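This report describes how two protein chains are built and how they meet. The sequence and the structure come first, and the description follows.

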2 protein chains.
Amino acid sequence: MRIAFQGAPGAYSEAAGLRFKPSAEPMACKSFEEVFSVVQDKKATHGIVPIENTIGGTIRRNYDLLLRHELPIVGEVHLPVIHNLVALEGTTLKDVKRVYSHPQALAQCERFLLGLEGVEVIANYDTAGSAKMISESNLRDAAAIASERSAEVFDLAILKSAVQDFSENITRFLVVSREALTQGKADKTTIAFTVPNEPGALFKALSVFTLRNIDLGKLESRPIPARPWEYLFFADLKTDREDSRCARALMHLAEFAPLVRTLGSYPSWKEPELGE
Amino acid sequence: MRIAFQGAPGAYSEAAGLRFKPSAEPMACKSFEEVFSVVQDKKATHGIVPIENTIGGTIRRNYDLLLRHELPIVGEVHLPVIHNLVALEGTTLKDVKRVYSHPQALAQCERFLLGLEGVEVIANYDTAGSAKMISESNLRDAAAIASERSAEVFDLAILKSAVQDFSENITRFLVVSREALTQGKADKTTIAFTVPNEPGALFKALSVFTLRNIDLGKLESRPIPARPWEYLFFADLKTDREDSRCARALMHLAEFAPLVRTLGSYPSWKEPELGE
């Protein structure tokens, strides 16, 4: 199994891929688009992308990419996120004039960063990539917000550990592949749908699940590009798509929803037991 | 009327403030936090912040700031967004090695940017601020994605106009003040609520509106920091809070929702008529 992820070695996505399958071979990609395209082109068997973080919210781009490609979701991973302020060996907190990281990571350490006086906060495309840049460009007056593993990989020191504002900081990742799961172990189904632009439309859409006692997890609304203020919804159903209630609910939904698409049915994340 | 906005002069938020009240005095702020705090501290009478864009989606930070402060929403503004690639006079498209802008603006020009070969795309905190940086640091090999007005303000040339991927690119802004509207002209109400973590809870929450024929606009779900996978919802109701149906619906919702808060009741945006 080769799992494509976005970022440099040491990225949180790489760690999530190894949580999904410890024996897998990680494959670094430059962008989320590339993660999807290397799976499509059979250069990787699986791809892993972050979809949601308890603090920062949804990574909308990846919902868009799921819709744009025909790669089914086959699994999910929860990863606790522990951010650190990392810098070159010898750099002290007082030397730091600029802090680099991914916008989501910066948002997750907002209070900590506001407490650093006279420091410029710069958004970068990548947490591990920010660590890499500091290491390779030998930036003595800069630091990055990144994982402990990035510090190891790029030979940096941890100036301050666990600098995120909230301790319950977890990112949920989705794993995609070319073939849908067939073993029937799924207990979670992610769908996308639109509703007609009329009063009560979303209520009717949710009723097809509630009336069948299907529990709803996340519900995400997204404006539809080029159709101002019409919304596309993404929902997690706590059931297997093969379950007859779920199949009937989706048929019922399709009776009035202009678009209904199943993005994948997969086992929900279970924390590995201690010692495993 | 003094309207605080985030960004440098020439920012889209400044233009939105002037759309709200052409005679208002704009007041530039460094961050969204500052917009809220200068209104709170009476240094400005109003504040304006973007809340949603048809392409890029919701600006979640600003929902958080609405919740964290006690400043009611008193109005909204729709602003068509036209992005341009701007650079120093004399810089050609071939010279451009780096493009700076706000992550949302970069996301909105993704296809255009992917078409530029060998160009590094760098996220910055501000569109107009990116234009300012290019102008002040005299960067001959860089460009910014910014408004036409930023180009004027910072004496830059437009290398390419209207580079956004979709033409229907509109940002919705919310206007906050210290006092809620009292004139009774409101036809839109924004609320925040949480639901108990049990099956069908959101369906029940929406029923209090649907059963009273109250139309729902945007519905946004947001994970609650420090309570993994519990969600806070933001909803726009197409009615005045003073309407008895709305007041009763909100009381009904409060019977089972742990949190219900009205963030403001205000007139929905009406496009100015031609010639106005």
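**Terms and numbering**

Helices (H or I, at least four residues) and strands (E, at least two) are DSSP runs, numbered from the N terminus. Axes are lines fitted to C-alpha atoms, for helices over the stretch in contact, and angles run from 0 to 180 degrees between N-to-C directions.

This is a predicted model, in which local features need pLDDT of at least 70, side-chain atom pairs count only at pLDDT 80 or more, and totals for chains, interfaces and linings use all residues. Residues are numbered from 1 along each chain as its sequence is written, while chains are lettered from A and ligands numbered from 1 in the order in which they are written.

**The helix pair between the chains**

Helix H8 (residues 201-210) of chain A packs against helix H8 (residues 201-210) of chain B at an angle of about 145 degrees, and their axes are 10 Å apart. H8(A) passes H8(B) in a left-handed crossing (the near helix is turned anticlockwise from the far one by less than a right angle; clockwise would be right-handed).

Two residues are in contact if their C-beta atoms, placed from the backbone, lie within 7 Å. On the H8(A) side, A:Leu202, A:Phe203, A:Leu206, A:Ser207 and A:Thr210 meet B:Leu202, B:Phe203, B:Leu206, B:Ser207 and B:Thr210 of H8(B). The residues of this contact comprise 6 nonpolar, 4 polar and no charged. Here Ala, Val, Leu, Ile, Met, Phe, Trp, Tyr, Cys and Pro count as nonpolar, Asp, Glu, Lys and Arg as charged, and the others, Gly among them, as polar.

**The whole interface**

Across the interface, 31 residues of chain B are in contact with 31 residues of chain A. On the side of chain B that touches chain A, the elements giving two or more residues are H8 and strand S13 (216-224) of chain B. S13(B) gives the most, with 7 residues. By class, this side of chain B has 16 nonpolar, 8 polar and 7 charged residues.

**How the copies are related**

**Domains of chain A**

Chain A is divided into domain 1 (2-81 + 169-177), domain 2 (84-160) and domain 3 (188-266), with bounds from an automatic or database domain assignment. The C-alpha centres of domain 2 and domain 3 of chain A lie 41 Å apart.

**A five-stranded sheet**

In chain A, an open sheet of 5 strands has the order S8-S7-S9-S6-S10, with mixed pairing (two strands pair if DSSP finds at least two bridges between them). Strand S8 (120-123) and strand S10 (157-160) of chain A are the edge strands, each pairing on one side only. Neighbouring strands of this sheet are turned by 35 degrees against each other on average, direction ignored.

Strand S7 (residues 98-101) and strand S9 (residues 142-146) of chain A pair in the parallel sense over 3 bridges, and A:Ala142 in S9(A) is the bridge partner of A:Arg98. Helix H6 (residues 127-136) of chain A lies across strand S6 (84-87), S7 and S9 of chain A, at about 155 degrees to S9(A).
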